[in-house]
Amino acid sequence: MRTLIFRTVAPFLSSLMILFSVFVLLRGHNEPGGGFIGGLIAASALAIYGIAFGVSPVRRAIRFHPMALAGFGLLLAAIAGILSIFSHVPFLTGLWIYPKIFGVEVALSTPMMFDIGVYFVVFGSITSTALALEERERD
Amino acid sequence: METAMAFLTGLFFATSLYLMLSKHIIRVLLGVAVLGNAVNLTIFTTGRLTREIPPIIPDDAVVPIDAIANPLPQALVLTAIVISFSFFAFLLVLVFRSYQELGTDDTDEMREAEPVDEPAPPLGY
Amino acid sequence: MTFYALFLPFVVALFAPALTRILKHNAAWVLALAPAALFVHFLGFLGAVADGGRVTGGVQWIPSFNVNFSWMIDGLSLTFALLISGIGTLIVLYSGGYLKGHKHQGRFFSFILMFMGSMQGLVLSDSFLMLFVFWELTSITSFLLIGFNHAEERSRRSAIQALVVTGLGGLSLLAGLLVIWNITGVSEMSLLLSTGNLLRDSPFFIAAFVLVLGGAFTKSAQFPFHFWLPNAMEAPTPVSAYLHSATMVKAGVYLLMRLNPVMGDTVAWETVLPIFGGVTLIAGTLLGARQTDLKLMLAYTTMASLGLLVMLTGFGTEGAIAGAVLYLIAHSMFKGGLFMVAGNVDHEAGTRDITRLGGLAGAMPVTFVAALFAAISMGGLPPFVGFLAKEEIYYGLAKGDTWSVVFTIVAIVGNALMFVLGFAVALKPFLGPKVETPKHAHEGPVLLLAGPVVLALGSLFFALFSGWSHEHFSTPMASAVMGHAAEITISIIPHLGLALYLSLGTIALGVLLYLSLAKIRSGMAALLAGIGWGPDRGFDQAIVGIVKLSVAVTRLVQRGRLEFYITATLIFLALAILVPMGIAGEWPAVPAFPDLYFYEWLLVLIAVLGLFAVIWARNRLTAIVSLGIQGFAVAVYFMLLGAPDLSFTQFMVETLSVVILALAMTRLRLSPQDHRSAVQTVTDGIIALAAGGALTLLLLRVLETDFDASLTEFFNEYSLQIAHGRNIVNVILVDFRGIDTFGEIAVVMTSGLAILALIRVLPRRSRSALSEPPKNPQNAGEAV
C-alpha cells in the first residue's frame, strides 16, 4: 500500500477530508450532514493516513489517544444536556444564543454542541479501532 | 416500490441467516454484517418510501412544502448504521482474538465456556 | 416514632459486627438496649388498646397503586410485639453468653436483630404488601440464622429446607392476599376487618382461604409441612429459642388469628383448622417422644403446641380463642425458657443427649429451677400461666357434641404428652445419679441465666396477678382475635368443675406416660422405621429430582454448539411469524408487480449479485469486495429514496468495514469458503429461506396496514419552528430524540473501549496461528 503516489497524495487527501468533515458537521443542522457522518469521514481520513505512513505518525498527529477524544465527545454531549439545568428546563432541551462575532450573527446552541460531541465519539472510537487493527498489521 | 424493497429485504435476511448458520466463524461474521443492512432496510421500508425528496425544509419556508421522505426512520437508521458498524468491528476483533487463542475457526470446536464433558452438578446441599 | 421503631433493629444490625469487634461478647449488653427500647415503646400503647382500641399510622409508599407503608397496633399485634421485643432482649443477652468467643458472633447479632425487625414488622403491618414483605424477610433472615454454621452440610440442608418451605408458603400467602384484595377492594388489615361478611360471602372465599392457609401452615409447621421445624434445630440454640418457639413459627398463628374476624365462623375454617391442628398436635408429641436430643424433643413439642393453637383458633368459640391467647403467651415464655435451659446444659455439659445426662441439679441449680418453673407452666400446673391457659382451653372445648368431645380428647392426649416431654427435659438431666458428661458441668454466666430466669418469673407473675395481666394483655388480644369485645377472667384459684377434672385427668395421664417414656420411645422408633418414608425424605427426593431435571434440560437445550443455537432460534423465528399468521389468516395479499425505473432494477440486480457473491466467494478478497458491493447498493438506495444523510453514512461505514475487514483477514488466513456437506447446505438453505421468507411476509403485511404519520408530521411541523433546524433528520437526532442519541454514542464508545481491551490482552497460548513476535514495549506503551 505504500506506493509513492499514495504516500504523496495521502497527506493532502487526509487534510482535505478532515476539513470536509468539519464542514459537514457544522452544516448538519440545515443541510445533509451532521456529527455521525462527519466523524466517520474524519476517521476514514486518519485511516488513510495510517495506511500510508503507519500508525505512529497518526498517533503523533492527533496528539491525544483516540479514546480520550471519544471520552471528550461524550463529556461534551453530556454537558450540552446538563446546561439545561441552569434554565430550569428538562435534560437536553435545546438552548440557543446569538452572539455577534466580528459583526456577524452566529447561532450557537446546545444541539450543536451535542452534535460536536457525537462527532468526537464516532471519530475517536472508530479511529481507535482502525489504528489498533493497523498496528497489528505490521507486527 | 415497497413490494420490491420487501422482497429485497427478505433476500438480505435469508443471505445473512444462511451465512450465520455456518460453522465457520468468519462466515458468521459476514452474516452479521449483512444482517445489519437487512434490519436497516426493514426499518426504512416500514416508514414508507418516497423517491428523491430529502426531508429538508427549503430556505424560504417554515414547514416542508412538498411531500418529503419520512425523516423518523432515517434518524433511527442513521444511528443504527453506526451502532451496527461498531458492533461489527467488535465482533471482528472478537473473532480475530478467539482464532488466535483457540487456534480454530470452527464454532463447534470452541467449547471453552461449555466443555463437552462437563461434570454434573453435585446433588448434595 | 413507630415508623422509626420499625427500622431500629435493622439499623442496629448494621453496626452489630463492628461493635462486637470492639466489645467482644459484652456487645450483647449494648445491643440488647435496642429491643429493650422497643419493648418500652410498645408498653406505651397498652392504654390505647386496652378497650379494643386500635392505633394506625403510615406513609404513602407507592401512591399510584394505592400501596402504603402503614402499621396497625391493636391487642393482637401489641401482645406479639411485646413478646418479640421482650424475649428478643433476653435472646440477645443469651447469645452474648452462648456464642462467646465465636469468630462470627457479630454476624450472628446482626442476623438475629434483622430477624427481630422482620418479625416485628410482620405483626405490626397494616398494608398487605408490607405484611408480605416482612413475612418473606422472616423467611430469609431465618435462612441465614439456621444456616449459621454454614460449613456443615446438615445446617445448609436445614436452612434451604426452611427457606423453600416457608418461601413457597409466602408466595401462596401473597396470592391469597391478592385474592382478598380483589374480593374486598381494600389492601389494609384495619380496613379489611371492618368489611364484615364481604369475604365470607364471596364465591372466591375458598380460594383465598386455601392460599392463606398455604402461608400459615408452612410457617407454623402444620402437618404435613412440619418437617422443616425439627431440622431447623441445627441452628445455634439462641436461634431455636427465639425463632422456633416464640416468634417465627407463631407468624402463621398470628395470621390466622388476625384473619379470624373476617374468615372465621365458616364451615371451611371450623373444619380444616381443627383437623390439621389436631393431627399436628398428636403427631408432634408422638414424634417428640421418640427423640433423645433435648432440643429435638422441644422442637416437636413446639410443633404440637402450634397444632393446638391452630386447632383452638379454628374452633372459634370465645372460650377456645381465650385459651389460644393464653396458651400463646404461656408457650412463648416457657418454650423460650426451656430452649435456653437446653442450651445451657449443652453449653456447660457438652451434650444434650438426654440418655447421657443426669444429676446436674447440684452443679447448675439456677438453671434447674428455671427449667422446673418452665416445665410446670408447660405441664399446666399452678401457679403459672400455663395453668390458666389449660383451664381456659378445657372451658372452651368441653361441650356436649361429638365434635367437641373428639377434640377435647385430642387436647387431653396432646397436653399429657407435652407434660411428659416438658418434665423429661426439665427433670431428667438434673435429677437422678450423676452421669459423667463430656465437659465438667458448672453454672453458666449471668448472660446465659438471665433469659430463663426472667421468663420463668414472667410466667409466674402473669398468673399471680392475672387480673392485671388479663386487663392489659389477654383481654385486648382476645377481643382483637374475636373481632368483638371478649373478657378473660380466669385466675389461678381452681374452681371445681369439668375443666378442673379434665386438668387432673391430663396430669394423671401425663404421670403415667412419663413413667413409660422409654417404652413409648422404642415403640415410636419401630413404627417410624416401619413407615420408612416421610415428608423429610420426600423433600430430598424432590430437590434431587429438580437438579436432575434441570441438568437434563440444560443438556438438551444448551448443547454448546453455536450452529444448534442459531438453527433453533431461526426455526422458532419462522414458526413464530408463520403460525400466528396462518391461524389468524392474516397473509398479505399477492402484491402487484413493482413498478421500478430501469436504473432501480439495475440496482436490485447489483445488490442481489453482491449477496450471492458473498455466499459463493472462493477467496477472502472476493468475499470482502462482495460484501462491499451489497453495502454500496444499499447506500445508493438511500440516496435514491431521499435519504442523503443515510447514504453518506452508509458509504463511509461500508468503506471502513471493508478496510478493517481487509486488515484483519489478511492476518487471519481464514478461508471464507463454505465447507458444508450437500445435505447440510440444503437444510441450512431451507431454514434461512424460511426465516427470510417469513420476515418478507411480515414486512409485506405491515406495509398493507395504514401508516400512522402523526409523529412524522409533528417533526416536520416543528423542526424549524422550535428546534431551529432545516435538516429534520439531524434535528431529530440531536434535539427531539437527543437522549436516545446520547445512549447510542455511549454504546459506540463502549464498544470502542471493548475492542481496545480485546486487542490489548496478550495471547494466552502460543499455539496461535500467527507466530506472534514478542511485543515491542515502546509500541505497546504508546498505544495504551
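Reader: What is a polar contact?

Author: A polar contact is a pair of N or O atoms within 3.5 Å; within protein, one of them must be able to donate a hydrogen and the other to accept it. In this predicted model, 18 residue pairs are in polar contact between chain C and chain B, both residues being at pLDDT 80 or more.

Reader: Which helix gives the largest share of chain C's side there?

Author: Helix 28 of chain C, residues 644–668, supplies the largest share of the side that touches chain B, namely 15 residues. By class, that side of chain C has 70 nonpolar, 25 polar and 27 charged residues.

Reader: How many salt bridges are there between chain C and chain B?

Author: The count is three salt bridges. In one of them, B:Asp108 pairs with C:Arg561, and the closest N and O atoms are 3.3 Å apart.

Reader: And how much area do chain C and chain B bury?

Author: About 9,700 Å² is buried between chain C and chain B, with 71% of it on carbon and sulfur atoms. The contact draws 122 residues from chain C and 96 residues from chain B.

Reader: Switching to chain A: how many residues touch on each side of its contact with chain B?

Author: Eleven residues of chain B and ten residues of chain A take part. The area buried between chain B and chain A is about 780 Å², and carbon and sulfur atoms give 85% of it.

Reader: Which three residues of chain B supply more of its buried area than any other three?

Author: They are B:Ile56, B:Val82 and B:Phe85, which supply 45% of the area that chain B buries against chain A.

Reader: How many salt bridges cross that interface?

Author: The rule finds zero salt bridges between chain B and chain A, and zero residue pairs in polar contact with both at pLDDT 80 or more. The side of chain B that touches chain A comprises eight nonpolar residues, two polar and one charged.

Note on methods. Residues numbered from 1 in each chain as written. Chains lettered and ligands numbered in written order. Predicted model: local features only at pLDDT ≥ 70, side-chain atom pairs only at ≥ 80, totals over all residues. Heavy atoms only, no water. Contact = heavy atoms within 4.5 Å. Buried area = accessible area lost by both parts, 1.4 Å probe. Salt bridge = Lys/Arg side-chain N within 4 Å of Asp/Glu carboxyl O. Polar contact = N/O pair within 3.5 Å; in protein donor to acceptor, adjacent residues only side chain to side chain. Nonpolar A, V, L, I, M, F, W, Y, C, P; charged D, E, K, R; others polar. Helix = DSSP H or I, 4+ residues; strand = E, 2+ residues; numbered from the N terminus.
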